[in-house]
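Please walk through the model below with attention to its strands, its nonpolar cores and its side-chain pairs.

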Amino acid sequence: MQSLLTNYWWVLLIILGLILYKFILRVFFGMVIVPENKIGLVTKKFVLFGANKNLPDGRIIATNGEAGFQAKTLAPGLYWGMFPWQYGVEMQPFTIIPEGKIGLVLSNDGAEIPTGSILARRVESDNFQDAEKFLKNGGQKGRQTSYITAGTYRINTFAFTVTITDMVIIRENMVGIITTLDGKPIESGQIAGKHIEGHNNFQDFDIFLENGGNRGLQQNIILAGSYNINPWAVQIEETPMTDVPIGNVGVVISYVGEDGKDVTGESFKHGNIVSKGQRGVWTEPYGPGKYPFNKYTMKVELVPTTNLVLNWANARSEAHALDKNLSTITVRSRDGFPFNLDVAQIIHIPANEAPKVIARFGSMNNLVSQVLEPTIGNYFRNSAQDSDVISFLTTRKERQQAAREHIKAVLDEYNVNAVDTLIGDIVPPEALMKTLTDRKIAEEEQKTYQTQKMAQEQRQGMEKETAIADMQKEIVKAQQSVEIAQRTADATVKKAEGDANSLKLQVEAETIATKMRANAEAEATKARAGAQAEATKLNASADAEKISKTGLAEAEKIMAIGKSTAEAYELQVKAMGGDNFTKFKITEEIAKGNIKIIPDILIGDSNSTEGGISGLLGLQLLEMVKNKKEKDTNQQ
């Protein structure tokens, strides 16, 4: 075994060399290999000889070969002579800054920051990748104004400490208000630093400082976007843009800038109105829109340019809220009664007059409280003392017109147009109001009664005229009736006369007819008798002489009877008269009914011979009637 080791010792040596070659090369040749994704941070342990054996006081990074942390780093690659007994090499990953981030750099070594400054100024150092150049160029220790943006860097972490932070993002419709933490003090009399150009929205803070930028609040602002801004140098407050609504203008009051010359002239003595960019009230107001104003260096007062209504009323306030502190006006009349009244004032501020209003009062609220409220309130209080409550109520229209003219004249002096003054609700004392109401009710009742009286009189007149009209109708009707009656009477008279004449004629006709009938009957009887006689005569001639004599006797008898009858009728008519004859005929007709109205034996006066004869004639007549009736019955 020993001979084997003796013969093949060199093989063992080669194997050990292959295993320990890195160690051997590191120890004997000082070989160092830096990977491609790292850097080598070098620490020099000692210096054997030379003037730069030790670091200067206050320094921790060696730039001239001193012992300690070396400024130079080893980039990826192969290095010789870095013996481990003299140099220590630490592998450090690259510094990576992600997208949307920035790297804030703190230098661990360098010159002292000047008194009054808090940040170290930028020096050329290849984005802090060359610490030696940084230190030799006068780089200062502490927080750096410069930063590194997104990317990969070979940073010596012995010399620099990198802190990763977010970029600054300003959202839409927002502005970034800047406050710087380093720079010169703000000039006396100013509240913000002066305007500086060229720093690219504070992303190059060193240019800001080199151009004399002031620490503190800045006039400049940044708009919506993403910015590489060092938060150690700049603080940003994000705030909404200034909105000027439609119907308004924005009057700018600038607290920064140079003192400007008043552009209003000698006539306006209530404040300075200056050109844009100067300190004071700007002469040009901004119209409706959104504007990136710095709310700490300038103020935008909104001034309505439409008609503005202000209400002195407890129960009402407009949307603009300028009248929220106004209330119903309490006044006292000449007769000592307090009462309340509501007033509405309409005003208009022209856009070109808005800066003067703001220069004079500072705000619209001040205009209301300092001018409108006392002016209108005192006017109506003074006006109420000139009259009693009832007169004030009854002259409301005239007082409103007077108030409009007075207030217009006053507001013209303040560059405000008074459009109209309106008196609203007037609330008198309750007791007085009741008295007034009662009086008014009484007056209205009196008017009502008067109206009712007139109505009654008119109604009476109408009724009278109606009655007259109705009577006229009746009169006409009566007149017509009279005429009709007259005519009717005339007609009746005429009819009566006609009836009388007719009756007379009828009676005469009947008399004549009766006579004619009597004559006719007589003639007929005579004719019948003649005919019978002729017939009898003819029969008698034919039959016999006896019959002829009998017939002749009968004929003579009949003729004698007929003649006697006719004569008797005539004599009866003449003797009895027409009425008695009529009664007789009635009696005859009664007799036809077998009703006895005359006794069979008539007893008359014994001394009168005519009574006995008359009785005999009556009996004879009755007998004849009875016989005739029986004969007629038998013939039937």
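The paragraphs that follow take up strands, cores, aromatic pairs and salt bridges in turn.

This is a predicted model, in which local features need pLDDT of at least 70 and side-chain atom pairs count only at pLDDT 80 or more, while totals for chains, interfaces and linings use all residues. Residues are numbered from 1 along each chain as its sequence is written, and side-chain values use heavy atoms, with hydrogens and water left out.

Helices (H or I, at least four residues) and strands (E, at least two) are DSSP runs, numbered from the N terminus. Two strands pair if DSSP finds at least two bridges between them. An open sheet is formed by 4 strands in the order β3-β4-β2-β6, with mixed pairing. Its edges are β3 (61-62) and β6 (87-93); each has a single partner strand, so one side of each is left without a neighbour in the sheet. Within this sheet, 7 bridges join β6 to strand β2 (residues 38-44) in the antiparallel sense. One of the positions to look at is Leu41, whose bridge partner in β6 is Glu90.

Buried here means under 20% relative accessible area, exposed means over 50%, and partly exposed is in between (1.4 Å probe, protein chains only). Of the 7 residues of β18, 7 are buried. In a regular strand the side chains alternate between the two faces of the sheet. In β18, Asn248, Gly250, Val252 and Ser254 point one way, Val249, Val251 and Ile253 point the other way, and all are buried. On the pairing side, β18 runs antiparallel to β22 over 7 bridges, and Gly250 has Leu302 in β22 as its bridge partner. β18 is also joined to β20 by 2 bridges, again in the antiparallel sense; here Ser254 stands opposite Gly280.

Next come the nonpolar cores. In soluble globular proteins, nonpolar side chains tend to be buried together. A nonpolar core is taken as a set of buried Ala, Val, Leu, Ile, Met, Phe, Trp, Tyr and Cys residues joined through side-chain atoms within 4.5 Å. The largest core has 42 residues, and Leu341, Leu367 and Phe380 touch the most other members. Helix α7 (residues 364-384) supplies the largest share of this core, 9 residues. Contact means heavy atoms within 4.5 Å; leaving aside neighbours within four places in sequence, Leu367 is in contact with Ile349, Val357, Phe361, Leu372 and Val416. A second, separate core has 19 residues, among them Leu119, Val168, Phe205 and Ile222.

How many aromatic pairs does the structure hold? There are 14 aromatic pairs. Rings of Phe, Tyr and Trp (its six-membered ring) pair if their centres lie within 6.5 Å; planes under 30 degrees apart count as stacked, over 60 as edge-to-face and the rest as tilted. Tyr286 and Tyr291 have ring centres 4.8 Å apart and planes at 70°, so this pair is edge-to-face. Tyr286 is buried at 15% relative accessible area, and Tyr291 is buried at 18%. Elsewhere, Phe46, Phe83 and Trp85 are linked by ring pairs into a cluster.

The structure also holds 15 salt bridges, each being a side-chain nitrogen of Lys or Arg within 4 Å of a carboxyl oxygen of Asp or Glu. In the salt bridge between Lys101 and Asp166, the closest N and O atoms are 2.2 Å apart. This pair links distant parts of the chain, 65 residues apart: Lys101 is in strand β8 (residues 101-107) and Asp166 in strand β11 (residues 160-166). Lys101 is partly exposed at 29% relative accessible area, and Asp166 is partly exposed at 44%.

Glu237 and Lys295 form a salt bridge at 3.4 Å, N to O. Glu237 lies in strand β16 (residues 234-240) and Lys295 in the loop between β21 (289-291) and β22 (298-304), so the pair ties together parts that are 58 residues apart in sequence. Arg279 and Asp259 form another salt bridge, with their closest N and O atoms 2.6 Å apart. Arg279 is partly exposed, at 25% relative accessible area, whereas Asp259 is exposed, at 59%. Finally, a network of salt bridges links Lys72, Glu132 and Lys136.
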